[in-house]
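Here is a short walk through a fold, from strands to aromatic rings. Keep the structure in view as you read.

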Amino acid sequence: ITENTPFPLVMLSAEGNFDYLNRAFEDEFRFTRKDIQNIEQWLIIFFPQKEKYDQMKLFLEEKFNLILGNSNHKYISTDIIDIDILNQEKKRFIIQLTSLGSGRILLILENVTSRITHENRLEKAQEKAESADKFKSTFLSHISREIRTPLNAIMGFSSLLSEDDLHVEEKHTYINLIRKN
């Protein structure tokens, strides 16, 4: 089952040695168990900048201590991390760590790079749509006002023109005013 899962999996000893890693891990990170034998080597390869290396090492140490120090073997830690794959492409992963008992830890990585990219695009598209909708509403309210004012004048003059006691000269005056405006 672990060999065929699409998620990179690593089984670690309490000392941080890789007891097992699956094919998805090898495919995702382009290294085999022969190339990376422990968490320290993995950190050195994928976090070459000292600051990122130190942050990730501290992060993992804290999680390992929480997991190994917790008597409840069901404890799971879930976080999102950024990893540069061979300094060529940045990927985002959900990293889950859980105890397997006997001082062993299961590390599961899920590549969420495309999902996060897609979510960001959707957010931008939503912002654009909301902006366009606001512009449309503003435009329509201005146009509505611009159309209503002359229409009210036309309606007023039309009602005056329909009066029976209006002289012909006054009718022509009103008609000329309508035409000019």
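Strand E1 pairs with strand E5 (residues 104-111) in the antiparallel sense, over four bridges. Strands here are DSSP runs of E with at least two residues, helices are runs of H or I with at least four, and both are numbered from the N terminus. Two strands pair if DSSP finds at least two bridges between them. This is a predicted model: local features need pLDDT of at least 70, side-chain atom pairs count only at pLDDT 80 or more, and totals for chains, interfaces and linings use all residues. Residues are numbered from 1 along each chain as its sequence is written, and side-chain values use heavy atoms, without hydrogens and water.

Look at Val10. Its bridge partner in E5 is Leu107, and in E2 Val10 stands opposite Leu21. E1 and E2 (residues 18-21) are antiparallel too, over three bridges. Five residues lie between the strands of this hairpin, where Gly16 takes a positive phi near 95 degrees. Both faces of E1 are covered. Leu9 and Met11 on one side, and Val10 and Leu12 on the other, are all buried (under 20% relative accessible area; exposed is over 50%, partly exposed in between; 1.4 Å probe, protein chains only).

Now the rings. The whole structure holds nine aromatic pairs. Rings of Phe, Tyr and Trp (its six-membered ring) pair if their centres lie within 6.5 Å; planes under 30 degrees apart count as stacked, over 60 as edge-to-face, the rest as tilted. Phe31 and Phe46 are edge-to-face, because their centres are 5.7 Å apart and their planes meet at 85 degrees. Phe31 and Phe46 are both buried.
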